[in-house]
Amino acid sequence: MLIKYFWSKSCPSCHANMPYLQKIRDEYAPKGLQVISIHRPMGEFDLNEEAVRKVATELGITEELIFDNDYKIGDEMGVDAWPTYFLLNPDGTVRRHARGQFGVKMIEQALIRLLGEPDKAE
């Protein structure tokens, strides 16, 4: 399974959701979950890739970081809000799409249905 998520360095909800997304990333990685971070600027003020990398580091983003400065990736996937999350099968088909403040929680619920609860270290 793969999560592709779109965020912006200027998006407060994106920042607020990041710890929860990272918890999901870390808990489901042993079950094969991969995560890709796609920065989609909210405006010209978000185009500086060095500034985005700095914010990504501060937010604890360790997964692959892709820049969608020309909006092509997001437009192809129908992204129209920040943050936006896609849960994809290994073949690339979308299993679940969610956006906004509670989108990451909806993605986690889909993961639980598909993969079960993450293994808990006792």
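Mentor: Axes are lines fitted to C-alpha atoms, for helices over the stretch in contact, and angles run from 0 to 180 degrees between N-to-C directions. Helices (H or I, at least four residues) and strands (E, at least two) are DSSP runs, numbered from the N terminus. This is a predicted model, in which local features need pLDDT of at least 70 and side-chain atom pairs count only at pLDDT 80 or more, while totals for chains, interfaces and linings use all residues. Residues are numbered from 1 along each chain as its sequence is written, and side-chain values use heavy atoms, with hydrogens and water left out.

Trainee: At what angle do H1 and H4 pack?

Mentor: The axes of H1 and H4 lie 10 Å apart. Angles under 35 degrees count as roughly parallel, over 145 as roughly antiparallel, 65 to 115 as roughly perpendicular and the rest as oblique. H1 and H4 are therefore roughly parallel to each other, for their packing angle is about 15°.

Trainee: How many nonpolar residues has the contact of H1 with H4?

Mentor: Contact means heavy atoms within 4.5 Å. Residues of H1 including Tyr20, Leu21 and Ile24 meet residues of H4, among them Val104, Leu111 and Ile112. Ala, Val, Leu, Ile, Met, Phe, Trp, Tyr, Cys and Pro count as nonpolar, Asp, Glu, Lys and Arg as charged, and the others, Gly among them, as polar. By these classes, the contact of H1 with H4 has one polar residue, four charged ones and, as the number requested, eight nonpolar.

Trainee: Is tryptophan 7 buried or exposed?

Mentor: Buried means under 20% relative accessible area, exposed over 50%, and partly exposed in between (1.4 Å probe, protein chains only). Tryptophan 7 belongs to strand E1. Since its relative accessible area is 0%, tryptophan 7 is buried.

Trainee: Which residues does glycine 60 touch, not counting residues up to four places away in sequence?

Mentor: Glycine 60 sits in the loop between H2 and E3, and its relative accessible area of 28% makes it partly exposed. Between glycine 60 and glutamine 22 there are 38 residues of separation in sequence, yet 7.9 Å in space, C-alpha to C-alpha. With residues up to four places away in sequence left out, glycine 60 touches Gln22 and Arg25.

Trainee: Where is glutamate 63?

Mentor: Glutamate 63 has 12% relative accessibility and so counts as buried. Beyond four places in sequence, glutamate 63 touches Tyr5, Arg25, Val35, Ile36 and Ser37. Its place is the loop between H2 and E3.

Trainee: What is the phi of tyrosine 71?

Mentor: Most residues other than glycine have a negative phi, and most peptide bonds are trans. Tyrosine 71 lies in the loop between E3 and H3. In this residue, which is not glycine, phi is positive, near 65°.

Trainee: What is the omega of the peptide bond from tryptophan 82 to proline 83?

Mentor: Proline 83 is in the loop between helix H3 (72-77) and E4. The peptide bond from tryptophan 82 to proline 83 is cis, with omega near -15°.
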